[in-house]
Amino acid sequence: MQDQVTLDDMAEDIFGLNVRGIRSIGTSWINPGEYFRSALGSNWDGRFTPSIRLWFSLIALASLLQFIWIGSDTPLVSAYADGFRNAGVTLTSGLTFEALGERAALWIYAIAPVFQLLLFLLCLAFIPLWGRKTTYSLRVRFLFIAMIPSGSLMAAFLPAMALVPATHLTALGLILGVATFFLDAITSYRGAFQELRTFARIWRSALLAAIILALNVVANIAAQIAGIVLVTNQYGLSVS
């Protein structure tokens with residue numbers, strides 16, 4: 001007998017976001033300690049989505065929305081176009097700075113989540129911040145739970161950055177950076193370090209959030225450099 005495939009199943013197929021994923025996001029906001037405790041078991045208590053899959057699904061969803069909203073007339077693309085223009089890039093026949101800026105933005109949106117994921121897995125999971133004996137896999141689980149609330153915030157607000165005037169991009173980026181720092185710190189404080197004394201919870205949560213923020217900045221800068229290099233090589237451009 002064939003099982004009925006629902007919209008929930010399709011959402012799981014595409015984004016890894018189904019009813020269980022929505023529950024996991026809600027729990028990370030309301031009661032993160034419950035999500036952290038579920039990470040201690042092999043099957044997440046049968047109630048929650050694995051945190052690394054959920055985080056990557058949120059970031060991938062944000063990137064997809066950015067792909068949909070991007071256009072040659074959006075402020076972010078114009079900012080990249082101006083960057084190529086001010087750098088003295090010599091265009092090939094039929095190519096415009098706006099098309100170049102749009103292609104660079106698309107590359108950056110595509111590779112930034114991959115850079116973030118690799119940096120987190122290579123660097124952060126080895127840092128002994130958790131106040132208990134943990135395996136590498138458990139540290140990875142804890143890390144990505146801590147970033148679920150900020151990841152859901154990014155999924156909501158990052159696509160809108162394509163429409164923000166270029167003069168406001170830096171300010172908005174700083175606001176989002178501060179917001180994600182506090183969200184990551186508060187989530188860690190409320191969930192990851194509940195068994196520790198108050199001062200230990202505070203400094204560990206703040207340090208973890210600061211490291212996450214620093215790695216995000218490094219990943220995004222690296223993605224922008226890589227995107228520009230890829231576009232330059234793709235079209236065989238040179239700087240005059």
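Helices H6 and H7 are oblique to each other. In this predicted model, their axes come within 10 Å and cross at roughly 135°. The crossing of the two helices is right-handed. On the H6 side the residues involved are Leu117, Phe120 and Leu121, which meet Tyr136, Val140, Leu143 and Phe144 of H7.

From H8, the residues Pro149, Ser150, Leu153, Met154 and Phe157 take part, and they meet Leu176, Ala179, Thr180, Leu183, Asp184 and Thr187 of H9.

The largest nonpolar core of the model contains 35 residues. Within this core, the residues with the most contacts are Trp55, Phe120, Leu124, Leu143, Phe144 and Leu208. At least two core residues are supplied by each of the helices H3 (32-38), H4 (51-69), H6 (97-122), H7 (136-146), H8 (148-157) and H10 (198-234). Helix H7 provides the largest share, with 7 residues. Leu143, which also takes part in the packing of H7 against H6, is in contact with Phe120, Leu124, Trp130 and Ile212 when neighbours within four places in sequence are left aside. Another core, of 14 residues, lies apart from the largest one; Tyr80, Ala105, Tyr109 and Leu169 are among its members.

A further site examined was Ser24, which is placed in helix H2, a helix spanning residues 19-30. The relative accessibility of Ser24 is 0%, and because buried means under 20%, Ser24 counts as buried. The side chain of Ser24 reaches the backbone oxygen of Arg20 at a distance of 2.8 Å. Not counting residues up to four places away in sequence, Ser24 touches Tyr35, Arg47, Phe48, Thr49 and Leu54.

Note on methods:
Residues are numbered from 1 along each chain as its sequence is written. This is a predicted model: local features need pLDDT of at least 70, side-chain atom pairs count only at pLDDT 80 or more; totals for chains, interfaces and linings use all residues. Side-chain values use heavy atoms; hydrogens and water are left out. A nonpolar core is a set of buried Ala, Val, Leu, Ile, Met, Phe, Trp, Tyr and Cys residues joined through side-chain atoms within 4.5 Å. Buried means under 20% relative accessible area, exposed over 50%, partly exposed in between (1.4 Å probe, protein chains only). Helices (H or I, at least four residues) and strands (E, at least two) are DSSP runs, numbered from the N terminus. Contact means heavy atoms within 4.5 Å. A polar contact is a pair of N or O atoms within 3.5 Å; within protein, one must be able to donate a hydrogen and the other to accept it, and residues adjacent in sequence count only if both atoms are side-chain atoms. Axes are lines fitted to C-alpha atoms, for helices over the stretch in contact, and angles run from 0 to 180 degrees between N-to-C directions. Angles under 35 degrees count as roughly parallel, over 145 as roughly antiparallel, 65 to 115 as roughly perpendicular and the rest as oblique. A crossing is left-handed if the near helix is turned anticlockwise from the far one by less than a right angle, and right-handed if clockwise.
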